[in-house]
Structures are given as structure tokens and as C-alpha cells.
Number of protein chains: 2
Amino acid sequence: MKLHWSPRSPFVRKVMVAAHELGLAERFETVRTLVSMGMPNAELLHDNPLSKIPTLVLADGRVLFDSLTICEYLDDLAGGGRLFPRGEARWDALTRQALGNGLLDLLILWRNEREKPPAAQLQNFLDSFATKYRATLDKLERDAPRLAAAPFDIGHVSLGCALSYLDFRFADLGWRDGRPALAAWHASFSARPSARATEAIDG
Amino acid sequence: MKLHWSPRSPFVRKVMVAAHELGLAERFETVRTLVSMGMPNAELLHDNPLSKIPTLVLADGRVLFDSLTICEYLDDLAGGGRLFPRGEARWDALTRQALGNGLLDLLILWRNEREKPPAAQLQNFLDSFATKYRATLDKLERDAPRLAAAPFDIGHVSLGCALSYLDFRFADLGWRDGRPALAAWHASFSARPSARATEAIDG
């Protein structure tokens, strides 16, 4: 399987953490693929016309994306029901995954906005991103005991990668301040072999 | 079930089309909820800290989002395996869903960008959105025969809503020009009772 990959993409990291958790990481041939919102990658467009990573090309030529599809495919390859629980627990897991992915979408837009030339930055966008970020982190702090008690699933992968991305690109926010339960949960996430093997590097 | 809803959101429409296809539309109590990227909705933040719709509140108080989670939940309520196929067909369906959702994400960013004051618009972003839009539509034109032949699934829902959103917000692009097979497929989508019952209105 060929994975369009980058060491800095938090969505790629989700897939890599899932693959390590499921014992499948060695099945990937990773291809370093550079994408950014303002510059499509001409080669990647052939496999994914949205020019986004992760994108997975299977041995038979089928192409799978985005991170949600690929992670569930990997879970199925490993027997199913491991990171994507069945039954009622599934809806909590998928909503947690959506919260982690949605936080990442927000952070990436925020980073794009604050790196624009000052004349191109919109203050109401910056304020809106900050409000949603705080609401999300505060909710996660309240939910941290439930998060820590639940069996590790794709929601934990997504939230763990989102919090690590805060450290990587928004260290100035000091997200741990006033959120000790969430910080403790993230420390337990970061200690997992799957997380340690996939830490973002700025290279 | 309480659904945070808007008649103009294409992601809400996905959920409504799925609900109509599955015979569940009358189970919703819809609550008109206004969101935009630059202005969080203070009330919605209690249910979804990302301030995004659709957000579904179940009778027992559990909250589900985003559209992917809600659509799969509805499919399960209706017995499972109807819009979310099992087996190998699932990965094509989920990738098509990701393509439709990714196209919508792109179009919403594009619309935000082109409605900014001229000094705040970035030309490389506008060019990038246009390139990805064309690559996606051209791929869909090539894939239209397969799309038309496959049993109707969540991927069709997502792509149908994305193409309808082009008509709603980007009529100036003339997306049907040079894409007769895709236009024919979209006409068949638009004729379904589930699509007719959920057309976007600018109100």
C-alpha cells in the first residue's frame, strides 16, 4: 500500500498512529508528499483531486481517502471492531473523532489566517477561531475522566493528534493552563508506543 | 431527536437526504441554527464546541456530530447496511463521501475568500481552490458511469449535495459545461424524492 505521507500532517499522523496500534505500520510504502492550502500538488491530484493527505493507494490501484476512511479500512484489515467499536459505543467514538478532526480543521485555518500578510487577516475570523478553540478545550477538560476511562478508540487517536498539533504549531496558547485532567490524559496518549513512533518533526 | 438545522447548509442537507432515503425524516425536531465561520453561535457551542451544523441531540441527551457520524447512525437505526454498505463496497462509498465532503469544504472556503474585502483576498488561495475544483469535477465526469451504475449509497448523497451546492452558490462556474455524464447523473439525483424534499432555499 502506498501512503501519501508527510511527517508534519496531523491527519497523516492519525493514520500512522492507527496503523501502529493495529500492527500494520510496516505494510505502508510512504511517499513524502507536500501539500498546502494555497498550492495544489500536481502529482497528488492524479490520486486525489482535492490534493489532500493522507491518500492511500492500494495494490490493486484503488485509492482511499480521507483519514476517516483509511483508518476504518485499516481497522477492518486487522479484523474489525478494534479502533472502531461496534454497537452503541461506536457513536461516541465517531463523535470524538469528529471533534478531534474538527479541531484540527479549525487550527489549520487559524494558522493560515495568522500567517497571512496583516492586511489580509480578518479579525472576526481570528476571534471566532479562538472562541471555538477555547470551547472545545474546555469541553475536553470536563470530559477527560470519561475519555480516560473508555477503551482506546479512533476518537482517542484523533483527539491525541489534535492536542499534539497544538504543541507543534500553537505552543503560544499554553493549552494545558487550567486543564490538568486533559493534560494528564494527553501525557498518557503521548506515552503510547504508537504516539512515540509518530511524533511530528519540523523537517 | 433534535437536529440543529439550516435550509442552506449542504452538510445538513446530506443528513436530511439520508433521513428521507431511510424513512426517518419525521423523527427529527429541527431547530433553525445559524452558523458562519466568522461568528460562533453561543447556544450551539453548548452542544457542539466547534459551532458547526448538523449537530444531533438524542432523546437521552447524547450529542452526535458531524454529518458522517449522524448519517451512519441513521443508517444503523434503519437496520444498517443501506447507505453504508458492508464488505468491499464500503471503501468506495466512504471515499466518495469524503470526496463530496471535501469538495464542499473547499467550496465554503472559496466562498468565504471571494466575499472578503478585496485587500484581504489571497490570489494563490483563489487559484488553488479553482484548480482543485476543476480536478474534482473532471474526475467525477470520468467516473460518472461507475457512479450511475453503483447502488445508491452515502457517497451519492454527499456528491449530489455538493453538486447542488455548486448550483446554489457558484452558478457562475457553469459546472455542467463539458461534463454531460456528470450532469445527467446529477439530474437523476435531483429527481429522487429525498432530494426534492430537501432543496436549498435562500431564506
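In chain A of this predicted model, A:Trp5 stands opposite A:Arg32 in strand β2(A). The two strands involved, β1 (residues 2–5) of chain A and β2(A), pair in the parallel sense over four bridges.

- Chain A has an open sheet of four strands, in the order β2-β1-β3-β4, and its pairing is mixed.
- Which strands stand at the edges? They are β2 (29–32) and β4 (63–64) of chain A. Each has a single partner strand, so one side of each is left without a neighbour in the sheet.

- You can find a parallel pair here: strand β1 (residues 2–5) of chain B joins strand β2 (residues 29–32) of chain B over four bridges. Within this pair, B:Trp5 has B:Arg32 as its bridge partner in β2(B).
- You can find an antiparallel pair too: β1(B) and strand β3 (residues 55–57) of chain B are joined by three bridges. Here B:Leu3 has B:Leu56 as its bridge partner in β3(B).
- What handedness does the β-α-β unit of chain B have? The unit made by β1(B), helix α1 (residues 10–22) of chain B and β2(B) is right-handed.

**Helix α1 of chain A**

- Helix α1 (residues 10–22) of chain A has 13 residues, and the distance from its first C-alpha to its last is 18 Å, close to the 18 Å expected at 1.5 Å a residue.
- This helix is mostly covered, with eleven of its 13 residues buried. Among them are A:Phe11, A:Val15, A:Met16 and A:Glu21.
- What do the buried residues of α1(A) pack against? Their partners are β1, α3, α4, α6 (154–169) and α8 (193–196) of chain A.
- Just after α1(A) comes A:Gly23, with a positive phi of about 75°.

**Helix α5 of chain B**

- Helix α5 (residues 123–149) of chain B has 27 residues and reaches 39 Å from its first C-alpha to its last, close to the 39 Å expected at 1.5 Å a residue.
- Where does α5(B) bend? Look at B:Asp143, where the bend is about 60°, and a proline, B:Pro145, follows within four residues.
- The buried residues of α5(B) include B:Phe125, B:Phe129, B:Tyr133 and B:Leu147. In chain B, the buried residues of this helix pack against α4 (89–114), α6 (154–169) and α7 (180–190).

**How the two chains meet**

- In the interface, 36 residues of chain A are in contact with 36 residues of chain B. On the side of chain A that touches chain B, β4, α3 (67–77), α4 (89–114) and α5 (123–149) of chain A each supply at least two residues. The most comes from α5(A), with eight residues.
- Of the interface residues of chain A, 100% are also interface residues in chain B, so the copies meet through the same surface.

Methods. Residues are numbered from 1 along each chain as its sequence is written. Chains are lettered from A and ligands numbered from 1 in the order in which they are written. This is a predicted model: local features need pLDDT of at least 70, side-chain atom pairs count only at pLDDT 80 or more; totals for chains, interfaces and linings use all residues. Two residues are in contact if their C-beta atoms, placed from the backbone, lie within 7 Å. Two strands pair if DSSP finds at least two bridges between them. A crossover is right-handed if, with the strands pointing away from the viewer, the path from the first strand over the helix to the second runs clockwise. The expected span of a helix is 1.5 Å times one less than its number of residues. The bend at a residue is the angle between axes fitted to the seven residues ending there and the seven starting there. A residue is buried if 20 or more other C-beta atoms lie within 10 Å of its own, exposed if 12 or fewer, and partly exposed in between; C-beta atoms are placed from the backbone.
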